[in-house]
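Before reading on, please look over the sequence and the fold shown here.

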Amino acid sequence: MSTLTTPSQTVGPFFHIGLTPLDTTELANSGVPGERVIVRGRVLDGDSVPVSDALIEVWQASADGKHARADRVGGQLARASFRGFGRTPTDEAGSFRFATIKPGRVVGPDGALQAPHLVIAVFMRGLLKHLVTRVYFPDEPANADDPVLKLVPAERRATLIAKKIGAALEWNIVLQGKDETVFFDY
């Protein structure tokens, strides 16, 4: 048995070969109800160097707090125009962008309502397992009661809350260092 690392044991950079046709930066078509939001940001390493070959995966609920599932309405998606899922690569500057709607509140495992949020998975070279984090919305009153956000030390919560910049939300993913984004184990 060999102990050498092989491509099948790492997350990237090979995912661009097979996943590029699946890139989806529009998570909700124009007919889907909800407040429209654009989220943009950058993936940065511990030295603030852009990561140009990361893949950002987004999962979310609809504006009424429901996840798109095939078993919801007789085997058909309840809202075929709402994906609730998207995937976007970073560019040479480490930048990513996606457009969606603000999700509604969803019930957590303990029955408590969670604040509106997006679940983010980060895939990139050098990772043996993808990273999982969340994006919360600025000025959202429900953030104060979110059971997951409450688990994060107060001084680190800002790494999970986007900033309003003009008409868009800005949220950067910092992989290490002083401003490292909070990542969750699962």
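## Basis of the model

This is a predicted model, in which local features need pLDDT of at least 70 and side-chain atom pairs count only at pLDDT 80 or more, whereas totals for chains, interfaces and linings use all residues. Residues are numbered from 1 along each chain as its sequence is written, and side-chain values use heavy atoms, with hydrogens and water left out.

## Overall make-up

Of the 186 residues, 41% are buried, where buried means under 20% relative accessible area with a 1.4 Å probe, counting protein chains only.

Among contacts (heavy atoms within 4.5 Å) with a separation of 6 or more, 68% are between residues 24 or more positions apart. The accessible surface, computed by the Shrake-Rupley method with a 1.4 Å probe, comes to about 10300 Å², and carbon and sulfur atoms account for 56% of this surface.

## Strand pairing

Strand 5 (residues 117-123) is largely enclosed by the rest of the structure, because six of its seven residues are buried. Strand 5 pairs with strand 2 (residues 55-59) in the antiparallel sense over five bridges, pairing being assigned if DSSP finds at least two bridges between two strands; here Val-58 is placed opposite Ile-120 of strand 5. Strand 5 is also joined to strand 6 (residues 131-136) by six bridges, again antiparallel, and Leu-118 stands opposite Val-135 of strand 6.

Strand 4 is mostly covered as well, with five of its seven residues buried. Strand 4 runs antiparallel to strand 1, to which seven bridges join it, and Arg-36 has Ile-101 in strand 4 as its bridge partner.

## Nonpolar cores

A nonpolar core is a set of buried Ala, Val, Leu, Ile, Met, Phe, Trp, Tyr and Cys residues joined through side-chain atoms within 4.5 Å. The largest has 23 residues, of which Val-43, Ile-56, Phe-98, Leu-118, Ile-120 and Ile-173 touch the most other members. At least two residues of this core come from each of strand 1 (36-44), strand 2, strand 4 (95-101), strand 5 and strand 6.

Leaving aside neighbours within four places in sequence, Ile-173 is in contact with residues including Val-43, Ile-56, Phe-96, Ile-120 and Phe-183. Apart from this core lies another, of eight residues, among them Tyr-136, Ala-142, Val-148 and Val-182.

Note on methods: Buried < 20%, exposed > 50% of the residue type's maximum accessible area, 1.4 Å probe, protein only. Helix = DSSP H or I, 4+ residues; strand = E, 2+ residues; numbered from the N terminus.
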